[in-house]
Amino acid sequence: MSSRLIAISNRIPIGANASGGLVVALREALAQSKGIWIGAHPDPGAGEERLEPVEGGAETRMAFRLTEEEMSDYYLGFANSVLWPLCHRRVDLVDMQAAYERSYRAVNARVARLVAQMARPDDVIWVHDYHFFPLAQELRALGLTNRIGFFLHVPFPSLGDLSVLPKPDDFADWLADFDLLGFQTQGDVARCLEMYRADPRAEFMMDGTVKMGSRITSVAAFPIGIETEDFRAQAQEGGPNPFGREAPEWFIIGVDRLDYSKGIPGRFRAFGRYLETRPEGTRPCLVQIAPPTRDTVKAYQDITNELESIAGHLNGAFAELDWTPFRYIHRKVERAKLARLYRMAEACAVTSLADGMNLVAKEFVAAQDADDPGVLILSRFAGAAEDMSAALLVNPHDIEDMARAIGRAFEMPLAERQERNAALMEVVERTDVAQWADAFLSRLRKCPPTLFAPEPGDAGMKSAG
Ligand code: GDG
């Protein structure tokens, strides 16, 4: 029998109806190996030294509880006010506090103890995202020699930006204790290798792996995708017109968690610029869905206020009594409705300033009618742009460039739309989320085994306390 998979992510799905690409991909991989999914319970607890079973999934789900203080210092603090802006090239927004770092290290150490209690020697461990950069180091310190892989959903930080961390060298050590580092794009792989090239302790092996002390780590890109077939079916299902009697003549859609990395204010300004130059008599709309996220963090309150003010200002400038060009919805929209909206839209704008992949770009393409598809406008700074070059690629820092792209989308002949959509669909199918999970796990299972846990003082394993 093949070994079990233990997956660790910050959140785990609660309830039988939890959906989303990661949920489905991990669920399948876990079901195949009778595996376990470990993550933080959404409700706080007392920081207990135990995992509790979570009902609802066919696979085994086990949760740990964060204290209120850890929610604030580890999750909103170090993870989302230090590491998130660091990875998204916004070091100006980094809010460095000693308590945040302490909490991050303590939560990682506790999660490692909990994982170690469950893990059998031949289990394969797959750690997700920036909440758990030091987890392998903590697990090795507890003596685990299992194969441990890491997938980073967000961009890998640039070398210069890493200096904002209290001990920048620790970052390379944390990652060196994983057997496999998976990133969204070749650009992320290059930035990770640049970090090791700048580190005199790192050696590059003939097969492209990186050696730090006794540890050997593979680094590769595994572009994530969506459940393509499922999403396409949902978009085709039909149902009532989500706009009721207020359907716009021509509309461009934006769908993002309301995050400063997504470049939404620039998108609004570009649409405003386009409205100034649009063909006479046309009444296009921008429909923006942007549910709130991390809204107790100041940077998120600021972006919410900025967006409301831009939307209000631009509607004031352009709206007519019977036409509202900006339709901004600051709430979560049900998934089936979202799929239908994508299919109805003439274009979709993804204008991220930095983005690991961006699944909205893939969802929009999957939802299109191949005979009469909409146009994808895609930021060069989204990971998706590496493969989805048949989109209209734009510079999200250049309002005129984005306004021109909206104009091109508006006027694009059917044959060109079909040709671009077919090329994009080929990418979306090839990078389906099930294939992503398979590719990562089969590569991880092939990594050479760790024969012994490193001794304290080994260059690949600094103090894990
Ligand atoms: C991180 C990385 C990477 C959004 N609004 C609603 C809604 N959504 C769904 C979208 C999409 C998902 O949320 C957003 O995914 P993204 O990939 O665009 O962005 P992040 O949340 O930042 O995800 C990113 C991803 O991880 C995976 O590795 O691609 O780069 O930042 O699925 O559809 N869904 C519903 N209602 C909404 O109002 N139902």
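How much area do domain 1 and domain 2 bury between them, and what share of it is on carbon and sulfur atoms? Keep in mind that this is a predicted model. The two domains bury about 1,600 Å² between them, with 58% of that on carbon and sulfur atoms.

Domain 1 puts 23 residues into the contact, and domain 2 puts in 23 residues.

Now the ligand. It is surrounded by 22 residues, and the closest are His153, Val333, Asp355, Leu359 and Glu363. Domain 1 and domain 2 each supply at least three residues to that shell. By class, the shell has eleven nonpolar, seven charged and four polar residues.

Some individual distances. On the side-chain side, a polar atom of His153 sits 2.7 Å from an oxygen atom of the ligand. A polar backbone atom of Val333 is 2.5 Å from a nitrogen atom of the ligand, and a polar backbone atom of Leu359 is 2.8 Å from a ligand oxygen atom.

As for cover, the ligand on its own has 730 Å² of accessible area, and the protein covers 86% of that. Which elements give two or more residues to the shell? Those are helix H10, at 335-344, and helix H11, at 359-367.

That is what I have. Questions, please.

Technical notes: Residues are numbered from 1 along each chain as its sequence is written. This is a predicted model: local features need pLDDT of at least 70, side-chain atom pairs count only at pLDDT 80 or more; totals for chains, interfaces and linings use all residues. Side-chain values use heavy atoms; hydrogens and water are left out. A residue is near a molecule or strand if one of its heavy atoms lies within 4 Å of it. A polar contact is a pair of N or O atoms within 3.5 Å; within protein, one must be able to donate a hydrogen and the other to accept it, and residues adjacent in sequence count only if both atoms are side-chain atoms. Accessible areas come from the Shrake-Rupley method with a 1.4 Å probe; for residues, only the protein chains shown count as cover. Helices (H or I, at least four residues) and strands (E, at least two) are DSSP runs, numbered from the N terminus. Ala, Val, Leu, Ile, Met, Phe, Trp, Tyr, Cys and Pro count as nonpolar, Asp, Glu, Lys and Arg as charged, and the others, Gly among them, as polar. Domain bounds come from an automatic or database domain assignment. Contact means heavy atoms within 4.5 Å. Buried area is the accessible area (1.4 Å probe) that two parts lose on being put together, summed over both.
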